[in-house]
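Here are a few exercises to work through with the viewer open. Try each task yourself before you read the solution.

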Amino acid sequence: MKVAYYPGCASHGIAKDVDIATQMIAKDLDLELMEVDDWNCCGGGFMDDKNEAVHASLNLRNLEKVEKMGYNKMATPCSVCLNSHKIAADKYENDPVLKEDVDERLKEANMEEYDNGVESEHFIWVLIRDVGIDNIRKHVKRPLTGLKVGTYYGCQLLRPSNVMGFESAFNPHSVMDLVAATGATPVAFPMKTACCGFPLMGSNPTVALKMANNILSSARNEGSEILVHPCSLCHLQLDVTQDKIQRQFKQDWRLPAVYITQLIGLSFGYTPKQLGMSKGSIEYLKSRGIS
Amino acid sequence: MEKKEYDAVILGGGLAGLMAANIVAAAGFSVAVVSKVFPTRSHSAAAEGGIAAYIMGNSDPNDDPDFMSYDEVKGGDYLVDQDAAELLSKKSGDIVNLLDAWGAPFNRQPDGRIALRYFGGQTYPRTRFIADKTGMALLHTLFEHSTGFKNIEYYNEYYVLDIVKEGNNVNGLVAMEMKTLNPIYLKSRALLIASGGIGMMYKHTTNSYINTGDGQGIALRSGVALKDPEFVQFHPTGLYPSDILISEAARAEGAILKNNKGERFMAKYAPHKFDLAPRDIVSRSMTIEIREGRGFEGGYLGLDLRHLGKKYIIERLALAYDAAKNFSGVDASEEMIPVRPAQHYFMGGIDVDTTGTNHDLNGVFSAGESACVSVHGANRLGSNSLLETVVYGRETGNTMVEFLKSHKNVETNSNVDPIVDAAYAYIKRETGEHFGVLTEELRDIMWDNVGIFRDNDKLAEAVSKIKDLRVRARSMYVTDKTSNYNTELFNALETRNMLDVAYTMATAALNRTETRGAHFRDDYPTRDDQNWMKHTLTYLAGDEIKISYKPVTYTRWKPEARVY
Amino acid sequence: MEEKEITVNIKKYNDKDGAFWKSYKLKADKYTQMTEVLRRIKSEQDPSLAYRASCHMAVCGSCSMKINGIPSLACRTIALQAVNEKNEINVESMDYYPGVRDLITDIDGFYDKIYKVMPRLIADESVLMGENEQRMTPEDQTEVWKFQECIYCGLCVSACPSVKEDEKFLGPAAHAKGFRFIDDVRDTKKQERIELLMDSAYRCTSCYMCYEVCPQDVQPVIAIKKTKNYLDQYKGDTPVTVMARKHDDTIVNLIETTGKIKESTLFLKTFGFGEAMRDAVDMLKTGKFKYAFEKDSKVKNMSEIKNMMGEKK
Ligand SMILES: Cc1cc2nc3c(=O)[nH]c(=O)nc-3n(C[C@H](O)[C@H](O)[C@H](O)COP(=O)(O)OP(=O)(O)OC[C@H]3O[C@@H](n4cnc5c(N)ncnc54)[C@H](O)[C@@H]3O)c2cc1C
Ligand code: SF4
Ligand code: SF4
Ligand code: FES
């Protein structure tokens with residue numbers, strides 16, 4: 001099966017390992033990821049703070065490129081990119097004043113009016129809906145039996161649920177189902193749908209790090225050994241930034257945070273290193289006999 | 001006991017209370033607003049359809065304030081005080097402009113002026129609206145405006161127990177902080193009662209849970225008269241079975257009532273105005289249809305919106321659409337909405353003149369649904385109640401300002417302990433009946449016997465049953481002995497008020513041997529101008545009700561038959 | 001009408017006994033609202049049960065609570081739609097606010113935040129004198145109304161992560177209210193309002209929780225984002241807005257020039273050299289430093305991007 005694929009800036013930058021792992025398991029699952037032609041940044045959850053019409057136009061440009069490629073679905077591994085495209089399309093459909101402004105902009109960029117012909121989806125929705133959990137289970141070569149994995153959803157994947165439209169914002173189970181498919185033990189924790197604080201890093205990092213720490217602590221308190229999440233930017237916040245958190249909160253523990261396709265990749269038999277994981281994660285997994 | 005002194009105390013944080021508070025405060029006097037709920041939770045928030053106003057230069061070119069007054073007078077079956085109705089119409093445009101200046105986001109016409117639409121009983125369209133949450137938007141506007149005054153102090157979630165009297169003058173009131181049950185004496189020389197309606201005493205009502213006739217009960221107990229308490233409005237379209245209001249806006253926008261044969265039965269009862277005839281007529285017609293077997297199983301009729309199309313319904317009637325969907329599981333664009341009449345509005349109320357002044361007790365004023373000015377007479381027209389709350393809220397506020405300028409607070413501190421002791425007594429008592437038993441009985445009696453169709457037997461039975469309930473209420477007790485937000489105590493106190501008010505309502509209804517507006521007597525089915533063109537005044541004297549009368553004020557309209 | 005027996009578990013609370021769960025059984029049909037369930041429990045089984053409710057039609061904002069863990073209005077929740085497989089419903093008071101009694105919480109803190117945003121229209125003097133009339137297009141009215149539709153239910157604040165962690169944050173409802181007036185062409189205090197709101201706006205973490213729980217679809221986070229649109233007009237400077245300016249300018253600049261965001265550049269510009277170096281050291285430790293030099297091709301057709309990003313059309 002072929003799907004239009006929007007990697008997003010982060011997964012082609014500091015969160016490169018998100019892209020690496022996603023590409024790997026997609027290949028195994030016979031998913032052909034067709035990178036969106038000449039895609040642009042979705043605005044990363046910030047562009048609408050500057051100008052809603054510019055934000056919407058940037059996102060619709062990507063969706064139109066997908067349409068031109070002949071697809072009606074665009075998958076992305078990043079919750080923020082997902083949220084951004086979905087909100088943009090929703091506003092375009094429901095806010096006639098904004099639509100006018102956006103149409104002007106699209107015209108100046110030699111694009112047509114957008115006809116809402118493309119659905120943005122998270123890569124894990126494609127995994128669940130199109131590939132199927134059973135199918136994924138069949139590819140598991142190394143069941144991660146006994147590994148206690150905190151299942152984290154974060155905010156942008158789930159909310160607002162009437163725009164995102166995949167699962168309940170309060171009782172989601174997509175990440176849990178995928179984790180279960182790898183043979184690992186999913187661990188639900190109270191803050192599984194709270195925000196990791198990434199969007200605040202650009203204005204109020206102290207509080208942002210507090211939020212990240214809340215997530216990590218909550219997962220750890222429920223007995224998670226590692227945390228799995230569905231977002232390139234959560235990845236920056238919870239993995240790379242963990243040293244900063246340790247410093248700010250004088251913490252002596254670390255909770256490895258890996259992207260969902262990295263965990264699936266492990267169960268498919270890839271090594272942590274192949275999956276591009278950070279040193280801390282590699283070391284921890286090694287201590288659990290996974291390398 | 002804690003004591004505080006103000007120039008004016010206002011009982012009620014609904015539209016009427018807040019409008020008056022803004023006016024009195026703007027004149028520089030200190031004001032306490034006491035409300036048993038946070039002001040924006042007052043029942044005014046529930047008003048959907050709109051507020052009627054003749055705005056010069058922004059009304060139907062053929063319309064005129066006189067037509068508006070005439071509609072009110074005729075709608076109220078000539079029991080309206082015509083000077084009061086004229087004042088209401090004349091100031092309607094002005095007050096809507098003031099609300100707009102204070103920030104109310106009225107729906108607009110393409111040229112930027114305030115939009116308008118038709119409501120039942122109107123000769124020309126006059127209703128101004130804010131989506132279908134007009135009451136909520138206006139209430140928030142007035143509340144928000146009031147946050148700009150430093151001399152308004154709010155006592156939110158304080159329950160008013162009773163008025164304090166010193167001789168023939170008001171000397172404030174006693175309230176209880178609901179969170180702690182601590183009493184507080186709020187002393188003042190002017191007291192506005194703006195405590196809203198009475199719906200909870202009826203089994204089926206569109207009203208909020210908090211509409212329990214407290215202000216009217218309090219007034220009765222301090223010797224103040226209720227005027228015309230026999231007049232209760234039943235709204236035709238309460239959603240079945242929750243009785244949530246489906247606004248008249250639905251019919252104004254083209255919805256049609258149908259019976260189980262699919263007939264537009266209103267054609268039979270109101271050949272000119274059809275579904276937009278005044279509420280009393282539509283409610284009675286519906287009751288007849290149901291009684292004669294043309295209703296649906298369970299006792300309701302259909303409100304048909306389907307021909308309006310989904311897009312239009314969602315744009316113009318979102319609240320009705322959502323209510324039907326959320327509370328009856330009906331998609332109004334595909335099915336008829338199940339409706340039946342339910343209690344909606346109390347035309348009677350504390351006896352005041354067109355300045356909002358009561359003449360039984362010096363310093364008592366009243367406005368809004370708790371007052372009877374009377375602009376609604378025997379039946380209120382849609383959109384006129386919101387208008388009354390703000391127009392008479394302002395008039396009364398101005399009257400209070402004048403009163404405050406020429407009067408000083410009473411020097412003496414009255415003994416208020418008995419008021420507090422009476423309330424605590426329910427907690428101290430160890431046995432007796434629960435409020436729940438008494439209210440449920442009262443709600444049945446009022447619905448069955450003092451409802452849409454009345455007669456001598458039903459009313460006499462109601463009076464005697466209510467008398468009995470009042471006796472039983474004396475030994476009411478509260479199981480919850482804590483002082484920690486004891487809502488059970490407040491429910492008991494509300495029951496006491498409802499019983500006192502219900503008592504006057506049933507008695508006055510039994511007394512009025514004619515049919516007029518919403519008061520329909522099967523045994524006296526016609527209007528009797530000869531004997532009954534007069535207001536009822538009811539006083540509570542211990543266990544008895546004393547009835548006297550007051551003439552209706554005419555200016556220019558002579559009574560004529562009321563056909564629609 | 002068909003009725004089903006349900007079990008309602010309520011987390012009760014009073015000063016003396018603290019918090020404890022109590023279960024009630026009663027019958028409900030497919031129309032029964034949770035407010036009606038509570039009313040019946042109170043009048044038939046447990047008169048001491050304390051909760052707030054007034055309009056029972058979702059306009060007064062009294063009946064906010066958590067139903068099955070979800071911040072909800074009780075009157076907007078139909079009992080039989082809320083029950084789980086065992087026909088049970090769990091009801092608790094809202095998070096964040098101090099408990100008072102059973103389902104009643106003290107939400108004074110919520111109102112205090114609203115009072116801070118000057119929540120009233122200040123019209124032109126000539127309008128107040130009745131000399132001038134105010135006009136407003138239907139489109140402007142629609143937008144103002146969207147953010148004015150808040151019913152002060154407090155649910156959004158109870159669920160907002162930033163409010164919990166940051167006492168300087170005014171919270172979602174107050175922001176919706178504040179923006180409603182910025183957005184109102186009839187108001188005369190726009191600049192003052194921008195000054196009042198900007199620092200706080202950048203304390204929101206854009207998690208869309210308020211959007212999710214709001215029973216009126218007010219979308220407070222959108223109001224916050226729209227407030228941030230006025231950053232250029234903001235005159236005050238706080239550490240938060242200074243950083244936000246650097247951060248946002250860098251983003252806009254990166255997109256304008258390459259069509260994409262490069263996180264490493266963003267870190268450098270936002271946090272300054274010192275902090276960015278520390279981040280670099282962290283990244284070295286994680287083994288991800290190499291990714292910072294990932295070179296993604298910039299957008300080829302940059303004219304498309306530039307043309308879309310101009311001033312308001
Ligand atoms: C569902 C519905 C829809 C309606 N729609 C319309 C409409 O479209 N147009 C129209 O014109 N009219 C409408 N009405 C009627 C109108 O809403 C009311 O008549 C009006 O809002 C009453 O306002 P008020 O200020 O008098 O009282 P309320 O708003 O009821 O306020 C009463 C105040 O008194 C306080 N109070 C009462 N007792 C006590 C006590 N013991 N201690 C302390 N405080 C107390 C309460 O807390 C509250 O603040 C509607 C009514 C209903 C039921
Ligand atoms: S989006 Fe902002 S205001 Fe809304 S809940 Fe999240 S942090 Fe709070
Ligand atoms: S914004 Fe929505 S959730 Fe928040 S208080 Fe207002 S109505 Fe409630
Ligand atoms: S009771 Fe008014 S919002 Fe629920």
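**Exercise 1.** How far is an oxygen atom of ligand 1 from an N or O atom in the side chain of B:Ser35?

*Solution.* Ground rules come before the atoms: this is a predicted model, where local features need pLDDT of at least 70, side-chain atom pairs count only at pLDDT 80 or more, and totals for chains, interfaces and linings use all residues. Residues are numbered from 1 along each chain as written, chains are lettered from A and ligands numbered from 1 in the order written, and side-chain values use heavy atoms, without hydrogens and water.

Step 1: the B:Ser35 side chain puts an N or O atom 2.7 Å from a ligand 1 oxygen.

Step 2: go on to the backbone. A nitrogen atom of ligand 1 has a backbone N or O atom of B:Val160 at 2.9 Å, and a polar backbone atom of B:Ser383 is 3.4 Å from a ligand oxygen.

Step 3: check the cover. On its own, ligand 1 exposes 1,000 Å² (Shrake-Rupley, 1.4 Å probe), and the protein buries 99% of that.

**Exercise 2.** Work out which element gives the largest share of the shell around ligand 1.

*Solution.* Step 1: list the elements of chain B giving two or more residues: α1 (15-26), β3 (31-35), β7 (158-166), β15 (337-346) and α12 (384-406).

Step 2: pick the top one, α12(B), with four residues.

**Exercise 3.** Is A:Ala15 buried or exposed?

*Solution.* Step 1: find A:Ala15 in the loop between β1 (2-5) and α1 (16-28) of chain A.

Step 2: its relative accessible area is 1%, so A:Ala15 is buried (under 20%; exposed is over 50%, with a 1.4 Å probe and protein chains only).

Key. A polar contact is a pair of N or O atoms within 3.5 Å; within protein, one must be able to donate a hydrogen and the other to accept it, and residues adjacent in sequence count only if both atoms are side-chain atoms.
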